[in-house]
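Here are some friendly notes to read alongside the model.

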Amino acid sequence: MRTKQKECRYLYFLFCRANVLTPEECEQYLLQIPSNNSPSIQYFLTQFQEKSQLSLKQHEIKYLTYNLALFHREAAIFSGRAKTLDLVKSVEKFNRVDDTVPKLIKKFTKSLYKENDEIRALIQNFPSLWHYYTILLWILSAKHHQPIKLLVQSSISSLHRQALITQIINGTSSPIEIYTYEQLNGEKPDGIVSNQPPEKNLQDVPFFPISLFYMDWHNKGNLAFFIKQLETKKRGDKG
């Protein structure tokens, strides 16, 4: 009997993970999601919209409501920390980034724990729930910020360029799209990271120069600051 209970718990665990939806899936017109009147979920939605000042679309509310319901059911059944697969690496990266959106999400999840008894009990029983909250909100917040379009060039080698791209992506939580000059098709990027001067038609684009010795990453703090400035400008342009 004990083995059967474990098997049932395992199947329910798989059900929860297999049925998590993305914002894009929730945007599908024919996708029907049952309404949820859970006080803790309604509290979560109200507080997040108020504190983040994001105007959530209907499919985004659907995305949060449905996935929160799955995670809360899992937290009510299981206890202890769950193996979160690749989620752990995502949360570790999230924690390393000192930026506005991660700070807001951390502050929000801490306030949930302090101010809502039901959510606090769920997190105490199932600490991995905090990871789920973090990633759900991070994915959703990223949808409200246009990606930074970045031209990354290196005349040294393709390996050097790839190392730059990895450094850039690991150093920020901002959505970034990496381009070569050819991929831009005449459009202007938001910024350039290169060891060669920009083309004439791109001389007014913010430029971060690199050198042959940049592989030592002595200036990685300056590079992160450059990306942060691009992000701030991008948000200002949007606003």
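1. A definition to begin with: a residue is called buried under 20% relative accessible area, exposed over 50% and partly exposed in between, using a 1.4 Å probe and protein chains only. This is a predicted model, in which local features need pLDDT of at least 70 and side-chain atom pairs count only at pLDDT 80 or more, while totals for chains, interfaces and linings use all residues. Residues are numbered from 1 along each chain as its sequence is written, and side-chain values use heavy atoms, with hydrogens and water left out.

2. Let us start with Ser-194, a residue of strand β3. Ser-194 counts as buried because its relative accessibility is 0%. Its side chain reaches the backbone nitrogen of Gln-196 at 3.0 Å; a polar contact here is a pair of N or O atoms within 3.5 Å, where within protein one must be able to donate a hydrogen and the other to accept it, and residues adjacent in sequence count only if both atoms are side-chain atoms. Setting aside neighbours within four places in sequence, Ser-194 is in contact (heavy atoms within 4.5 Å) with Gln-153, Phe-207, Phe-208, Pro-209 and Ile-210.

3. Now the overall picture. The chain has 10 helices and four strands, where helices (H or I, at least four residues) and strands (E, at least two) are DSSP runs numbered from the N terminus. Along the sequence they follow the pattern α-α-α-α-α-α-α-α-β-α-β-β-β-α. Of the 239 residues, 41% count as buried. Among contacts between residues at least 6 apart in sequence, 75% join residues at least 24 apart.

4. How do the axes of α4 and α8 cross? Helix α4 (residues 58-77) and helix α8 (residues 129-143) have axes that come within 10 Å and cross at roughly 170°. That makes α4 roughly antiparallel to α8. For reference, axes are lines fitted to C-alpha atoms, for helices over the stretch in contact, with angles running from 0 to 180 degrees between N-to-C directions. Angles under 35 degrees count as roughly parallel, over 145 as roughly antiparallel, 65 to 115 as roughly perpendicular and the rest as oblique.

5. Thr-109, in helix α6 (residues 100-115), is buried, with a relative accessible area of 2%. Beyond its neighbours within four places in sequence, Thr-109 is in contact with Trp-130, Tyr-133 and Leu-137. A polar atom of the Thr-109 side chain also lies 3.0 Å from the backbone oxygen of Lys-106. Thr-109 and Phe-48 are 61 residues apart in sequence and 9.2 Å apart in space, C-alpha to C-alpha.

6. Which residues of α7 are buried? In this helix (residues 117-125) they are Ile-119, Leu-122 and Ile-123. They cover an arc of only 95° around the axis, which puts them on the same side of α7; the arc is that of the directions from the helix axis to the C-beta atoms. On the other side of α7, Asp-117 and Gln-124 are exposed. At the start of α7, a side-chain oxygen of Asn-116 reaches to within 3.1 Å of the backbone nitrogen of Glu-118.

7. Finally, two backbone points to look at. Most residues other than glycine have a negative phi. Gln-53, not a glycine, has a positive phi of about 60°; Gln-53 lies in the loop between α3 (39-52) and α4 and counts as exposed at 70% relative accessibility. Asn-185, also not a glycine, has a positive phi of about 50°. Asn-185 is found in the loop between β2 (176-179) and β3 (191-194), and is exposed, with a relative accessible area of 68%.
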